[in-house]
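Please load the model in your viewer and keep the selection panel at hand. The stops below are ordered so that each selection leads on to the next.

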Amino acid sequence: MNASWKRNTALFLGSQALSLLGSSLVQYALLWQVTLQTRSSVMMTLYIVAGFLPTFLLSPFAGVWADRYDRRKLIVLADAMIALVTLALAVMFTLRGTELWLFFLAAAIRSVGTAVQQPAVSALLPQLVPEDQLMRVNGIQGTVHSVNMLGAPALAGFLMSVAPLQVIFYIDVVTAALAIALVALFVRVAPRPRAPEQEGSSQLTEIRDGFRYIRGHAHLVPFFSYLGFILVLITPAAFLTPLQTARSFGDEVWRLTAIEMVFSVGMMLGGAALAAWGGFSSRMRTMISSNLIMGACTVALGVVPHFGVYLATMGIFGVALPLYNTPATVMLQERVEPAYLGRVFSVMTMLSTALMPLAMLLFGPLAEVVSIERLLQVTGVLVILVGLLTPLHRRLMSFGEPKQQPPVESRELAN
């Protein structure tokens, strides 16, 4: 690993923080506008589906590109595409006003860039960071993102109160341009040789190879199944709490801002704690602990009657989330062969972008006939149940065990 890895990593994380700031502003502004303008869970569901479907469809190809091409250039191109599209949409908002169909169009087009960027970012980090520092660096990345997300809701709420919506779009363009400059001009990554079997292969062949690789590794199938169950079950807590807040506590923008800010503070603290602590020696034990906390918080969100207690619960939920997300990412970075990292992470992107919006096809309409509080209570209990049963799966638990280091003699010979 190059001696300048800390400088490279810091520059890269800084660029991603800038990119995330602009994207978060747009994300919050569009979601809140749809929430407040329609007050309909069905319209929220349609908006969410518009934002995930392109990512889901493109992710298998994006994983191949992350394994086939220069990941740094892919990240730059994805940011540039999002910035150009955002600029065009800002002009359309200026000319046509805040028509509802433009919100769906914005979500759909921006998700194309997300599909390309996410696998490339996750697969690039092991090229920058020594393996024994991956958990801490991923924890730092989570903390940086949480700090960004802490400021983004407040800034989005302020800008929505004093300026037209398209101003937020222009800010996103500026932050994307700065992020592109940092990655393109200052981040240096060593060339990465492709696996021999990739040379001359078609993209569809490489996609099939990626899925064959996952099926051929006994730990990956139960691991992705476990991730999928949790993603479905926390969907109401992830997507319906803004609507629950508007219905049960009041539809003022400051309340929507408050729940996002408190959640982000929790994520910032959880990411910082994980960066300092490193988690349990077993990655799965860390994830299961997070599971149980998130399940308990989901139940609590469905029963607390006071907004202050509701905010505190959201904060605890935020603390727990990095203890789940970060070990999941690190386990793949540690265990998956570098030539397949992009494609494996593209499957993870497909799960994270598809399962929750698809679950909203159930939970969204259901929230029109069943109280959101009841949905949170039931799904929270199920999350706790999954957390209690997971330790019984020995193969899955072994996937999270520390990698065995080679004997000292072997390491000396390798050096």
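How much space lies in the second largest cavity? About 60 Å³ lies there, and the structure holds 2 cavities of 30 Å³ or more. A cavity here is a set of points, on a 1 Å grid over the protein atoms alone, where a 1.4 Å probe fits but cannot get out; grid points are joined across faces, edges and corners, and the volume is the space filled by probe spheres set on the points.

Before selecting anything, note that this is a predicted model, in which local features need pLDDT of at least 70 and side-chain atom pairs count only at pLDDT 80 or more, while totals for chains, interfaces and linings use all residues. Residues are numbered from 1 along each chain as its sequence is written, and side-chain values use heavy atoms, with hydrogens and water left out.

**Stop 1: the cavity lining**

Select P60, I207, G210, F211, I214, R343, S346 and V347, which line the second largest cavity, lining residues being those with an atom within 4 Å of a point. The elements that give two or more residues to this lining are α7 (203-215) and α14 (341-366), and α7 gives the most, with 4 residues. Helices are DSSP runs of H or I with at least four residues, numbered from the N terminus. By class, the lining divides into 5 nonpolar, 2 polar and 1 charged, where Ala, Val, Leu, Ile, Met, Phe, Trp, Tyr, Cys and Pro count as nonpolar, Asp, Glu, Lys and Arg as charged, and the others, Gly among them, as polar.

**Stop 2**

Next select residues 71-96, which form helix α3. This helix has 26 residues and reaches 37 Å from its first C-alpha to its last, close to the 38 Å expected at 1.5 Å a residue; the expected span is 1.5 Å times one less than the number of residues. At the start of α3, display the side chain of D70, an oxygen of which reaches to within 2.9 Å of the backbone nitrogen of R72. Just after α3, G97 takes a positive phi of about 85°.

Within α3, pick A78, which is buried, with a relative accessible area of 3%; buried means under 20% relative accessible area, exposed over 50%, and partly exposed in between, with a 1.4 Å probe and protein chains only. Leaving aside neighbours within four places in sequence, A78 is in contact with G113, V116 and Q117, contact meaning heavy atoms within 4.5 Å. Then move along α3 to T86, which is buried at a relative accessible area of 0%. The side chains of T86 and R110 are joined by a polar contact of 2.9 Å, that is, a pair of N or O atoms within 3.5 Å, of which, within protein, one must be able to donate a hydrogen and the other to accept it, and residues adjacent in sequence count only if both atoms are side-chain atoms. With neighbours within four places in sequence left aside, the contacts of T86 are R110, F169, D172 and V173.

**Stop 3: helix α6**

Now select residues 166-186, helix α6.

Q166 counts as buried at 14% relative accessibility and, not counting residues up to four places away in sequence, touches A90, F93 and T94. A177, also placed in α6, is partly exposed, with a relative accessible area of 45%.

**Stop 4**

Finally, select I293 in helix α11 (residues 283-301), a residue that is partly exposed, with a relative accessible area of 35%. Outside four places in sequence, I293 is in contact with I316 and A320. Helix α12 (residues 307-320) holds G318, which counts as buried at 0% relative accessibility. Apart from neighbours within four places in sequence, G318 is in contact with F263, G266 and M267.

Technical notes
1 Å grid on protein atoms, 1.4 Å probe; cavity = no way out; pocket = protein on both sides within 12 Å on 5 of 7 lines; lining within 4 Å.
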